[in-house]
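Let's take a walk through this structure together. Have a look at it first, and then we'll go through it piece by piece.

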Amino acid sequence: MPVTIKTPEEIEKMRVAGRLAADVLIMIEEHVRPGVSTDELDRICHDYIVNVQQAIPAPLNYRGFPKSICTSVNHQVCHGIPGEKILRNGDIVNIDITVIKDGFHGDTSKMFPVGTVKPAAERVSRIARECMMIGIDMVKPGVQLGDIGFAIQNHAEAQHCSIVREYCGHGIGREFHEDPQVLHYGKPGTGLTLQEGMCFTIEPMVNIGKRQVKLLPDGWTVVTKDHSLSAQWEHTILVTADGHEILTTRPGDEP
Ligand code: MF3
Ligand code: CO
Ligand code: CO
């Protein structure tokens, strides 16, 4: 599939979808507390997306995914399925929200500390966010995706963390996952050259230990092989004439 260039009308719809996805992360924050189950977080988000936003939770039934959000706790890397698991003091959890509004997708995730967390958990969450922001800051026409992947990988590895290679960012629009693939590692001067009107996500997964991952028998949940902590942050980005716009930004999310 070719990389789609969004028209001004499509960009306006991407802005709306992005804002709604960001709003869900803002809404859910107060509910992420010791004692809550990931199923309860899924239910609250589902009801908000469907009833308040009158939008569609994109994960639900996507390739058979059974829930409306992804919740990935501690050594879970991504695509965790909400369930009876109770969050405990000291856990870290990524909540990944994708909504469809008026035919367009907005996709964003962030780490939440549950109660008070240890320095290592705080550190991997912070480094993953830094990796995402380093990538986002580079986005403008003419830059190549390999330049961005290289910068993200460098930052993680300089902090003695590792970048997961099996999952990546992606073009986004009418489809949840469009071309291009946005790798969070790579070589400068390689890959797609960015153009105004492209939309894609940057969503690095950073492990405090080794980069290797495995898929659990549920067919979705990805965990670190060495059970080390993992963190991920995600924004949906638009390439503009002179730089970029973060479509899923939240107040207070600035660097
Ligand atoms: N939101 C994830 C991403 O960032 C994809 C989740 S697919 C699901 O690309 F089926 F697990 F929801
Ligand atoms: Co995504
Ligand atoms: Co996502």
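Let's begin with two helices: Asp-23, Val-24, Met-27 and Ile-28 in helix 1 touch Leu-41, Ile-44, Cys-45, Tyr-48 and Ile-49 in helix 2. Contact here means heavy atoms within 4.5 Å. Helices (H or I, at least four residues) and strands (E, at least two) are DSSP runs, numbered from the N terminus.

Before going on, a word on the ground rules: this is a predicted model, where local features need pLDDT of at least 70 and side-chain atom pairs count only at pLDDT 80 or more, while totals for chains, interfaces and linings use all residues. Residues are numbered from 1 along each chain as its sequence is written, chains are lettered from A and ligands numbered from 1 in the order in which they are written, and side-chain values use heavy atoms, with hydrogens and water left out.

Back to the helices. Helix 1 covers residues 8-28 and helix 2 covers residues 38-52; they pack at about 135 degrees, and their axes are 10 Å apart. Axes are lines fitted to C-alpha atoms, for helices over the stretch in contact, with angles from 0 to 180 degrees between N-to-C directions. That angle makes helix 1 oblique to helix 2. (Under 35 degrees is roughly parallel, over 145 roughly antiparallel, 65 to 115 roughly perpendicular, and the rest oblique.)

Now for the metals. Which residues hold the cobalt ion (ligand 2)? Asp-107, His-170, Glu-203 and Glu-234 coordinate it at 2.0 to 2.3 Å. Donors are N, O and S atoms within 2.8 Å of the metal (3.2 Å for Na, K and Ca); water is not among the atoms, so sites may look incomplete. The two cobalt ions (ligand 2 and ligand 3) sit 3.3 Å apart, with Asp-107 bridging them.

His-170 is in strand 7 (residues 169-171) and Glu-203 is in the loop between strand 9 (199-202) and strand 10 (205-207), so this pair ties together parts 33 residues apart in sequence.

| Residue | Relative accessible area |
|---|---|
| His-170 | 5%, buried |
| Glu-203 | 8%, buried |
| Asp-107 | 2%, buried |
| Glu-234 | 0%, buried |

Gly-103 sits in the loop between strand 4 (92-101) and strand 5, and at 33% relative accessibility it is partly exposed. Leaving aside neighbours within four places in sequence, Gly-103 is in contact with Gly-173 and Arg-174.

Asn-61 isn't a glycine, yet it has a positive phi of about 70 degrees. Asn-61 counts as exposed, at 62% relative accessibility. Finally, a cis peptide bond joins Asp-179 and Pro-180, with omega at about 5 degrees, and Pro-180 belongs to strand 8 (residues 178-182).

Notes:
Buried < 20%, exposed > 50% of the residue type's maximum accessible area, 1.4 Å probe, protein only.
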